[in-house]
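Reader: I have a model open and want to learn to read its features one by one. Please take me through it.

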Amino acid sequence: MTYLRLIATTRGAVTISRAYLSGNHMETASHVSGSMLRGALAALWEKDRLGNSDFLDLFCQGKITFHGLFPIPSGDEGENFIATGRFPYRMPLSAFACKYHPPATEDPGHSYIDAIQSSDKECLECHAPLKQCKSPEYYYHGNDNPESRPRPLEPKKEVYLYHGSERATRRARTAALYSYSSICNEEQFIGWLSGAPADLGKFLELFNKSLHVRHDKDDEYNFGLRVGIGKKRRGFLETRMKQYPDPDRGPKEADFRPAPVVNGRVLVVVLQTPAIVYDNLFRAVTDLDAQAVFGDMLQSYPLEDKRPFKRFSARLVIDGWSNIHRLPRKPDQAIAAGSVFAYRLRNEVNKGQKKDLADRLKAVQAVSIGERCNEGYGQILINPRFIGIGE
Ligand SMILES: [Zn+2]
């Protein structure tokens with residue numbers, strides 16, 4: 001498996017999605033989904049090659065996986081993040097924090113509690129009630145100490161007000177007053193594409209023929225990606241794309257997914273992106289059983305129960321727009337990103353087995369679950385570092 005790593009920087013303000021519309025406010029997403037990234041890259045493709053068999057192979061038949069773009073800290077810390085190949089984690093829905101001092105990008109707030117492992121009902125610092133942390137959507141660990149407590153991560157956003165007015169009367173038109181948020185200038189994202197070396201090679205060769213792609217350095221490609229709403233008049237993502245793994249420098253394959261922490265009997269599966277999973281009667285599944293995640297990979301490590309003993313999950317409808325067909329795409333029912341399913345091994349793992357189990361779990365999390373995996377859906381992490389998990 002080879003990877004193309006993308007580093008994207010916002011130029012101007014970018015509103016990624018109108019997926020969450022509440023009242024008259026449109027909230028931008030904090031990440032670019034795999035299918036959105038796929039669409040933006042397809043828009044750079046040479047026009048006369050759109051829809052031919054190479055295009056369908058690479059974009060639609062799953063030969064290349066578009067993992068999406070995820071936020072990283074701004075400024076110097078972001079550069080550090082890129083140099084050391086670190087990774088933003090999706091905040092699990094089992095994360096709770098103090099109701100009155102919730103975590104925010106500028107202020108870590110009062111401590112997180114992971115409800116999978118902990119049954120605390122109040123803040124450890126001020127005894128206030130706890131509240132589920134749905135925002136910020138991502139977290140990371142400080143560079144100096146990978147074991148440090150999770151730090152909230154969210155790109156800087158700004159809110160715009162819009163009101164359309166009648167030209168004659170200058171009065172606001174009915175239902176034409178709304179607000180929307182945008183990602184600020186200079187915020188950074190990290191993401192990647194993956195595929196077999198031959199397929200990625202072909203992708204690069206054809207991609208390089210596009211007029212929109214600059215290829216000044218040997219291994220680096222530069223282009224602008226337009227995502228979200230108001231594509232023509234608003235900002236874009238200035239993107240650098242590089243091939244990995246590079247034997248001598250740069251992150252290795254492992255850096256694209258942090259290794260699972262193996263400690264104790266609990267296996268916690270956290271969805272990094274929404275998962276579209278159907279059972280054998282094509283009904284959308286809301287509860288992941290162990291078979292759907294682990295398949296036959298665990299072998300000599302039997303689970304206590306195929307069903308999770310704890311879960312924090314949410315549902316989501318995924319819809320979209322096809323620019324080629326000029327029609328909405330078929331909506332899909334999905335389990336939301338951040339959903340957590342916890343399983344328990346029947347037996348304690350001894351020291352000699354730890355490495356073997358960790359390798360197996362790593363292989364499991366390298367493969368996405370469910371449908372439309374090449375669009376980035378169904379990416380999972382097993383026992384990512386977080387308060388409580390694997391400790
Ligand atoms: Zn508190």
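This is a predicted model: local features need pLDDT of at least 70, side-chain atom pairs count only at pLDDT 80 or more; totals for chains, interfaces and linings use all residues.

Reader: What counts as a strand, and what counts as a pair?

Author: Helices (H or I, at least four residues) and strands (E, at least two) are DSSP runs, numbered from the N terminus. Two strands pair if DSSP finds at least two bridges between them. In general, strands of a sheet pair through backbone hydrogen bonds, either parallel or antiparallel. Here, Phe-96 has Gln-132 in S8 as its bridge partner.

Reader: In what order do the strands of that open sheet run?

Author: The order is S7-S6-S8, three strands with antiparallel pairing. Strand S7 (113-114) and S8 are the edge strands, and each pairs on one side only.

Reader: Which strands form the open sheet that has S9 in it?

Author: Three strands, in the order S5-S9-S10, again with antiparallel pairing. Strand S9 (residues 138-140) meets S10 over three bridges. Within that pair, Tyr-139 has Pro-152 of S10 as its bridge partner.

Reader: How many helices and strands does the chain have?

Author: Six helices and 24 strands. The radius of gyration is 22 Å, close to the 21 Å that the globule rule gives for 391 residues, so the chain is as compact as a globular protein of that length. That radius is taken over C-alpha atoms, and the rule is 2.2 Å times the number of residues to the power 0.38. Along the principal axes, the C-alpha atoms fill a box of roughly 70 × 55 × 50 Å.

Reader: How are the domains divided, and where do they touch?

Author: Domain bounds come from an automatic or database domain assignment. Domain 1 is 2-74 + 156-255, and domain 2 is 257-382. Their C-alpha centres lie 25 Å apart. Twelve residues from domain 1 and ten from domain 2 make the contact. Two residues are in contact if their C-beta atoms, placed from the backbone, lie within 7 Å.

Reader: Which elements supply the domain 1 side?

Author: Helix H1 (34-42) and strand S4 (64-72) are the elements that give two or more residues to the side touching domain 2. S4 gives the most, with five residues. By class, that side has three nonpolar, eight polar and one charged residues. Ala, Val, Leu, Ile, Met, Phe, Trp, Tyr, Cys and Pro count as nonpolar, Asp, Glu, Lys and Arg as charged, and the others, Gly among them, as polar.

Reader: How do I read burial along a helix?

Author: A residue is buried if 20 or more other C-beta atoms lie within 10 Å of its own, exposed if 12 or fewer, and partly exposed in between; C-beta atoms are placed from the backbone. In the chain, 37% of the 391 residues count as buried. Take helix H4 (residues 197-207): Leu-200, Phe-203 and Phe-207 are buried. They cover an arc of only 55° around the axis, which puts them on the same side of H4. The arc is that of the directions from the helix axis to the C-beta atoms. On the other side of H4, Pro-197, Ala-198 and Glu-205 are exposed.

Reader: What do the buried residues of H4 pack against?

Author: Strand S1 (2-11), helix H2 (53-60), S4 and S13.

Reader: Which backbone angles deserve a look?

Author: Most residues other than glycine have a negative phi, and most peptide bonds are trans. Glu-186 has a positive phi, near 75°. Glu-186 sits in the loop between strand S12 (172-183) and strand S13 (188-195). With 15 C-beta neighbours inside 10 Å, Glu-186 is partly exposed. Arg-372 also has a positive phi, near 50°. Arg-372 lies in the loop between helix H6 (351-366) and strand S24 (380-382).

Reader: Where is the cis peptide bond?

Author: It joins Ser-135 and Pro-136, with omega about 0°. Pro-136 is in the loop between strand S8 (130-132) and S9.

Technical notes: Residues are numbered from 1 along each chain as its sequence is written.
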